[in-house]
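Trainee: Let us go through this model by question and answer. Where do we begin?

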Amino acid sequence: MVSWGGAEACGAGAYARIFALDLVAGAEMQLKRGQIERACATWNRALDHMDGVRSVRTHKAIARMRGDLARFRARGVRCAADLDERAIDFLAAA
C-alpha cells in the first residue's frame with residue numbers, strides 16, 4: 001500500500017486540527033466583515049473539531065479568538081460571552 005500523506009502519515013488528529021484551524025480562519029474573516037454572530041457560530045464549530053486536539057497552533061488560535069471577542073464581550077454580545085466561556089474551558093483543559 002502506498003501512503004499519499006493520508007491518515008497513515010499524519011494521524012486523524014492532524015486532520016481535525018487542520019480543519020479546525022481552517023474554520024478559525026473563516027471566523028476571522030467573518031468578524032472582519034462585521035458578522036459577529038456568524039463568526040461565533042464558526043468558532044464554535046472549530047472548537048467542536050478541536051475536541052481532543054492539543055497543539056500550540058490551536059492554543060494560539062483560541063487565545064487570539066478571545067482577544068478578538070473582547071470588545072464584543074464588553075458590549076454584552078451574548079454569543080461572544082458564551083464562546084469566551086467555552087474557550088476558557090478549552091484552554092484550562094489543555
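**Cysteines and helix H3**

Mentor: The sulfur of cysteine 79 has its closest cysteine sulfur in cysteine 40, 3.1 Å away, which is too far for a bond. This is a predicted model: local features need pLDDT of at least 70, side-chain atom pairs count only at pLDDT 80 or more, and totals for chains, interfaces and linings use all residues. Residues are numbered from 1 along each chain as its sequence is written, and side-chain values use heavy atoms, with hydrogens and water left out.

Trainee: How many disulfides does the structure hold?

Mentor: A disulfide is a pair of cysteine sulfur atoms within 2.5 Å. The sulfur of cysteine 40 is 3.1 Å from that of cysteine 79, too far for a bond. The number of disulfides is zero.

Trainee: Is cysteine 40 buried or exposed?

Mentor: Buried means under 20% relative accessible area, exposed over 50%, partly exposed in between (1.4 Å probe, protein chains only). Cysteine 40 has 1% relative accessibility, so cysteine 40 counts as buried.

Trainee: Which exposed residues does H3 carry on the face turned away from its buried side?

Mentor: Helices (H or I, at least four residues) are DSSP runs, numbered from the N terminus. In H3, the buried residues include Ile36, Cys40 and Trp43. Down the axis of H3, the buried residues fall within an arc of 165° (directions from the helix axis to the C-beta atoms), so they line one face. The face turned away carries Glu37 and Arg38.

Note on methods:
Helices (H or I, at least four residues) and strands (E, at least two) are DSSP runs, numbered from the N terminus.
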